[in-house]
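Visitor: I have a structure open and would like to learn how to read it. Could you take me through it step by step?

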Amino acid sequence: MKVLVADGVSKKAVNILEKDFDIVVKDKLSAEELLEIIPQYDGIIVRSASKITKEVIAKADNLKVIGRAGVGTDNIDISAATERGIIVLNAPEGNTIAATEHTMAMMLSMSRMIPIANETLQKGEWNRKKYVGVELRGKTLGVIGLGRIGSGVAKRAMSFDMNIIAYDPYLNEERADALGVTIGSLDDVVEKADFITVHMPLTPQTKNMINKDNLGKMKKGVRLINCARGGIINEQDLADAVKSGQVAGAAIDVFTSEPLAEDNPLRNIDNIVLTPHLGASTVEAQIGVAIDASHGVAAALKGEPVSTAVNMAPVSADTMAKIRPYLTLAERLGCTAQSLSDGPIKDLTIRYNGEIAAIDTKMISIAIIKGLLNPILQTSVNYVNAPSIAKQRNIKIEEIKNKDVSNFANLITVSVITPKGEQSVQGALFGTEGRIVSINQHRVDVDPHARILICPHINRPGMIGLVGSILGKFSINISGMQVGKTAIAGTSMMVLTIDDDISQDIINEVLKIDGIFDAKLVNFYAM
Ligand SMILES: NC(=O)C1=CN([C@@H]2O[C@H](COP(=O)(O)OP(=O)(O)OC[C@H]3O[C@@H](n4cnc5c(N)ncnc54)[C@H](O)[C@@H]3O)[C@@H](O)[C@H]2O)C=CC1
Ligand SMILES: O=C(O)C(=O)COP(=O)(O)O
């Protein structure tokens, strides 16, 4: 598979990905070139420069994953990607410190007028009177958006003896208390703060959140910082407020249009400090986000779940550690249930018994659905699109959890109903190894790998030999065999593990044997 590493993402990404994939690096990529080359790629890693639009996604016939080496995914059309089953993931933590420190740098350089003092001094102007700044000590800093970066800024500002007032409608009180900040409304922040810094994504709610109306309500001489996203503070309104003296200074790293447009109103105003979207631009942050994004991309391309996917049900790292061992087994149970069924599946019931019932099983159920659908569909079914494809196919899904279980520490039961009846398969984890422990009420112990041929048959001597000789005739090697017991009188279940490919003609020969009720091939390679 082929991965495009764009936008000057650190070469660490190449080091990680080149072991398993073909890598092409394009530090500078025009919109036209991206549209032209995207069909060749299975994965892409970008920063904020490349725009992965609906049009790009429409042409991305092989794309399975978009990795964002950074936080903001506003340069990616996530709903278009989700519709095509493309995983979008980000690297939310690697650049937090860089953006936090940049915000502090911007706040300090704005309040001490360092950029203009430097610029004029470089030209030979020794002007100590003109560049008298203000202290941070004792001032109130309003933090809007108290997430990773906002809380880091609050923490650092406290060490400058600033008072913090924060507005974040999604913040729980416990976290605010732990941070030791006062929580207020947006109006509180607007009216009380001497400095205001914004740290939330650009959304319909946050766009133009700071505008001429509330700029007018702020303390005269307020200073503003935006190291989050261009447009949260209306650029024209801010420029006007700085020119009128209502706002004493502003420090802006991000813009409505990047690279900075020639006619951007924030240009050429002495009290405004501008940087070209440098918040994440430290050596450490770029290495961090490249490592995180490329591990995510590698996992996605290998069909494994990704904890930083933004278009999938979110799973914490802690939950992921608990569920990871179950995922392969879950997928294989889904694949087995599909192979056992005759006709379209109408209902899928997933039962979790034992220890597993206590954990968040959402992703395990998605793995089952993925295993169930992948063998029968042309489109690749993954952790992103599996639930919606099941819905489109009118498969009713029910999850039942119960801590009670006998014989096993944990048990997953996958039952499917088709117009021809019900089929069920159970699996359990032994250590980290998944086994199929029952098929249609026949107790077995099967390592679900390669291909298995499942033959319910009459319980009489010689049946295994008859099937074995047919497979032998076609030079099919049997590498494992199990005969399942059941309470159902007179029937047994033969499960043969087969390494080679096996055609329907051979299966038809097996079906002709007197006393063989059925022969179902489960091909785990087709998942
Ligand atoms: N300048 C740069 O180079 C960088 C910019 N960023 C940007 O900084 C921003 C913050 O990043 P993180 O702290 O990592 O994100 P985060 O997700 O940890 O925090 C965002 C916070 O905003 C809050 N929020 C959401 N909607 C809000 C609203 N309507 N009003 C007030 N608060 C709201 C959320 O509850 C959350 O606490 C993002 O936009 C990100 O893209 C991040 C890294 C580098
Ligand atoms: O991570 C973010 O949200 C950023 O804004 C950083 O963007 P960049 O990767 O430096 O183009």
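Visitor: Which residue of β11 is the bridge partner of Val222?

Guide: Strands of a sheet pair through backbone hydrogen bonds, either parallel or antiparallel. In this predicted model, Val222 has Val247 as its bridge partner in β11. β10 and β11 run parallel and are joined by five bridges; two strands count as paired if DSSP finds at least two bridges between them. Strands (E, at least two residues) and helices (H or I, at least four) are DSSP runs, numbered from the N terminus.

Visitor: How should I read the numbering and the confidence?

Guide: Residues are numbered from 1 along each chain as its sequence is written, while chains are lettered from A and ligands numbered from 1 in the order in which they are written. As the model is predicted, local features need pLDDT of at least 70 and side-chain atom pairs count only at pLDDT 80 or more, whereas totals for chains, interfaces and linings use all residues.

Visitor: In what order do the seven strands form the open sheet?

Guide: The order is β8-β7-β6-β9-β10-β11-β12, with parallel pairing. β8 (182-183) and β12 (272-274) are the edge strands, each with a single partner, so one side of each has no neighbour in the sheet. Elsewhere in the sheet, β6 (residues 140-144) runs parallel to β7 (residues 163-167) through five bridges, and Gly142 faces Ile165 of β7.

Visitor: Is β11 largely enclosed or left open?

Guide: Burial is a count of neighbours: a residue is buried if 20 or more other C-beta atoms lie within 10 Å of its own, with C-beta atoms placed from the backbone. Five of the six residues of β11 are buried, so the rest of the structure largely encloses this strand.

How values were computed
Buried ≥ 20, exposed ≤ 12 C-beta atoms within 10 Å, placed from the backbone.
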